[in-house]
Amino acid sequence: MKSTARRQSYGVKGAPYAFLLPATILFALFFALPIGYAIWLSLHKVKVSGLGLGSGARREVWAGLENYTDALTDSELVNGALRVLGYGCIVVPVMLGLALLFALMLDSENVRLAPFTRLAIFLPYAIPGVVAALLWGFLYLPDVSPFYFVLDKLGLPQPDLLDGGPLYLALSNIAVWGGTGFNMIVIYTSLQAIPAEVYEAAKLDGATPVQIALRIKIPMVAPSLVLTFFFSIIATLQVFNEPTTLKPLTNSVSTTWSPLMNVHRDAFGEGDVYGAAAQAVIIAFATLLLSFGFLRAANRRQKQEAAR
Amino acid sequence: MSSLAVPQTEPVAGSTPGTAQGRPPLRRRIALIPTVTLFLGAIYCLLPVAWVVIAATKSGRELFSTFTFLPGTGFAGNFRDLSAYRDGVYWEWMGNSALHAGLGALLSACVSAFSGYALAIYRFRGRETIFNVLLAGVLMPPVILAIPQYLLLAKADLTDSFLSVLLPQILSPYGVYLARIYAAAAVPADVVEAGRMDGASEWRIFTRIALPMMIPGMVTVFLFQFVAIWNNFLLPYIMLSDDEKFPITLGLFTLLEQGANTPALYTLVITGAFLAVLPLVALFLVIQRFWSLDLLSGAVKS
């Protein structure tokens with residue numbers, strides 16, 4: 001008995017590592033190695049000797065932090081970051097506000113058509129960002145858009161949605177449209193997990209549904225709100241698909257509209273993979289800093305509230 | 001937010017004059033504000049979809065001359081034109097997307113199931129470290145990955161190939177995470193222990209006992225990853241240059257790039273977008289019945 005137990009425990013010991021082998025190999029090849037390579041690239045540059053002809057004329061040499069200082073003084077990158085910050089200040093609050101609102105509405109009593117509306121609001125999740133941007137792009141085009149048709153019939157001024165300030169709203173709208181449903185489902189699911197007894201006492205005390213929502217429901221789903229916020233920040237800072245898709249429709253979206261587009265242009269348009277790598281590392285770092293900073297602040301607040 | 005079953009505290013703010021006031025209350029009253037709000041939200045979300053369905057039926061001339069939400073007569077023609085465009089390259093794009101997403105999601109679900117099972121069932125040195133490292137992958141912005149991935153795959157002479165899009169998308173940190181939670185909840189430890197007592201190998205216990213219990217969770221991982229791969233744009237955009245290998249997202253984008261300056265191509269782009277949305281919406285309608293939302297909430301809670 002003792003010997004079989006030992007033999008089995010030996011087999012058991014090796015098993016988890018065997019099960020984890022595929023994931024580990026894939027992680028090493030497609031996550032760890034590329035990240036390491038990106039950091040290596042960001043610290044190097046190409047030195048061209050002579051006319052740059054023949055093999056050995058182009059050598060990779062150590063560049064130190066040169067690529068980083070170049071990136072941080074690159075006005076296109078900085079402007080792109082500011083544009084995306086402005087865009088994020090619209091997208092994240094509106095999207096999560098709507099998601100929370102819809103989730104609370106779905107969770108309330110005597111709502112008609114709830115299954116249908118829940119499905120309809122979740123539907124954009126299934127639509128690729130590129131196709132979403134394309135659909136809205138056409139809806140923004142005066143020639144084919146129903147909005148312009150209505151404005152025209154009413155004799156109202158017709159703003160250019162693909163330029164200047166309205167462009168931010170136009171782009172934000174695409175992200176809000178695509179992301180609200182998913183976040184709504186996440187919040188709604190955690191609302192459903194709250195046991196009904198929690199409300200009963202409040203109801204008996206005559207609390208209104210608005211009070212129940214504000215005082216009981218929202219605090220109880222705070223963890224899922226924090227999580228949706230966290231992932232929304234990460235996704236927003238990396239916006240790429242929507243502005244890239246709108247680009248053919250308007251001249252106002254430059255090839256460097258968002259930081260990610262700037263990285264893509266530098267790497268593939270201008271062939272400067274070293275500078276692009278430094279930019280990518282900076283963006284990744286800033287993203288992690290912002291999102292984790294938010295997470296820490298949220299945690300601290302929750303702890304404070306728990307202490308009170 | 002004024003949903004209320006208790007009639008006497010119905011907040012006045014929400015009810016428009018004349019609704020239900022003074023009438024004998026219905027057996028189940030309708031909460032007006034929530035219903036209307038949700039309905040407006042639904043209209044907002046369905047609007048672009050409704051638009052593309054109708055616009056796809058319009059011939060090029062009708063698109064610019066008739067009211068937007070008036071159906072046209074040109075769908076058959078648009079469909080023929082799109083299928084004929086560059087010898088049917090559109091349907092190659094659809095096929096590529098189906099292959100990328102189907103195979104990628106299947107492999108992803110398998111890798112997630114292995115990892116999730118190992119992380120949930122076994123106690124071993126380095127368990128939490130491995131889990132945390134794998135999970136950190138979800139936070140890595142795709143951009144910091146995509147460029148070096150391209151350069152590294154170029155060294156392996158794999159760029160512009162099916163594998164260059166498939167391989168980087170197999171490991172899904174989120175999938176591993178869901179699989180771990182699901183395995184922990186669905187596979188009881190004593191069942192695994194009973195298998196060992198009967199002398200079954202660890203592999204046999206996994207395939208014969210644990211995996212069947214984990215199937216609903218793995219279906220969820222498969223669907224999440226299917227949608228993620230089908231919707232991915234950045235990776236194929238960077239990896240592929242031969243347009244016969246494009247997935248549908250990239251194909252539509254190039255079609256739009258060419259079509260933006262030639263309104264004659266608008267109908268092709270619109271019909272293409274409509275047909276590209278169809279399979280995912282159909283899949284979505286079928287699966288949302290099976291979609292394990294408890295799993296999602298479990299993921300959020302922990």
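Which residue just after α8(A) takes a positive phi? To find out, begin with chain A and work through the stops below. The model is predicted, and its scores are ipTM 0.87 and pTM 0.85.

**Stop 1: chain A as a whole**

Select chain A and colour it by secondary structure. There are 13 helices and two strands in chain A. Its radius of gyration is 26 Å, well over the 19 Å that the globule rule gives for 308 residues, so chain A is more spread out than a compact globule. Taken along the principal axes, the C-alpha atoms of chain A fill a box of roughly 90 × 85 × 35 Å. Of the 308 residues in chain A, 43% are buried. Contacts in chain A between residues at least 6 apart in sequence can also be sorted by separation: 69% of them join residues at least 24 apart.

**Stop 2: the two domains of chain A**

Now give residues 2-62 of chain A one colour and residues 74-307 another. These are domain 1 and domain 2 of chain A. Taken over C-alpha atoms, their centres are separated by 34 Å. Where the domains meet, seven residues of domain 1 of chain A are in contact with six residues of domain 2 of chain A. On the domain 1 side, the elements giving two or more residues are α1 and β1 (44-48) of chain A. The most comes from α1(A), with four residues. By class, this side of domain 1 of chain A has four nonpolar residues, two polar and one charged.

**Stop 3: annotated spans in chain A**

Select residues 81-294 of chain A. An unreviewed UniProt entry annotates this span as "domain: ABC transmembrane type-1". In the model, residues 81-294 of chain A are 75% helix and 0% strand, with the end C-alpha atoms 18 Å apart.

The UniProt annotation "transmembrane region", also from an unreviewed entry, covers residues 20-43, 84-107, 119-141, 167-188, 221-240 and 273-295 of chain A. Pick out two of these spans. Residues 167-188 of chain A are 100% helix and 0% strand, and their end C-alpha atoms lie 31 Å apart. Residues 273-295 of chain A are likewise 100% helix and 0% strand, and here the end C-alpha atoms are 32 Å apart.

**Stop 4: helix α8 of chain A**

Go to residues 197-204 of chain A, which form helix α8. This helix is hardly covered: among its eight residues, the count of buried residues is zero. Step just past the end of α8(A) and the opening question is settled: the residue is G206(A), with a positive phi of about 85°.

**Stop 5: where chain A meets chain B**

Show both chains and select the residues in contact between them. Chain A supplies 89 residues and chain B supplies 83. On the chain A side, helix α1 (residues 2-42) of chain A gives the most, with 20 residues. The side of chain A that touches chain B consists of 68 nonpolar, 17 polar and four charged residues.

**Stop 6: chain B as a whole**

Chain B has 14 helices and zero strands. Of its 302 residues, 45% count as buried. Among contacts in chain B with a separation of 6 or more, residues 24 or more positions apart account for 70%.

**Stop 7: confidence along chain B**

Colour chain B by pLDDT. The average is 83, and 86% of the residues score at least 70.

Then select two stretches of chain B. Over residues 1-22 of chain B, pLDDT stays under 50, and the model has 40 contacts beyond four places in sequence for them. Over residues 296-302 of chain B, pLDDT also stays under 50, with 20 such contacts in the model. Where pLDDT is low, the predicted coordinates should not be read in detail.

**Stop 8: V89(B)**

Finish on a single residue. V89(B) lies in helix α4 of chain B. Is V89(B) buried or partly exposed? The residue has 16 other C-beta atoms within 10 Å, and a residue needs 20 or more to count as buried, so V89(B) is partly exposed. Not counting residues up to four places away in sequence, V89(B) touches D243(B) and E244(B).

Technical notes: Residues numbered from 1 in each chain as written. Chains lettered and ligands numbered in written order. Predicted model: local features only at pLDDT ≥ 70, side-chain atom pairs only at ≥ 80, totals over all residues. Buried ≥ 20, exposed ≤ 12 C-beta atoms within 10 Å, placed from the backbone. Nonpolar A, V, L, I, M, F, W, Y, C, P; charged D, E, K, R; others polar. pLDDT = per-residue confidence, 0-100. UniProt positions renumbered as here; feature names shortened; annotations may be inferred. Rg over C-alpha atoms; globule rule 2.2 N^0.38 Å. Domains from an automatic or database assignment.
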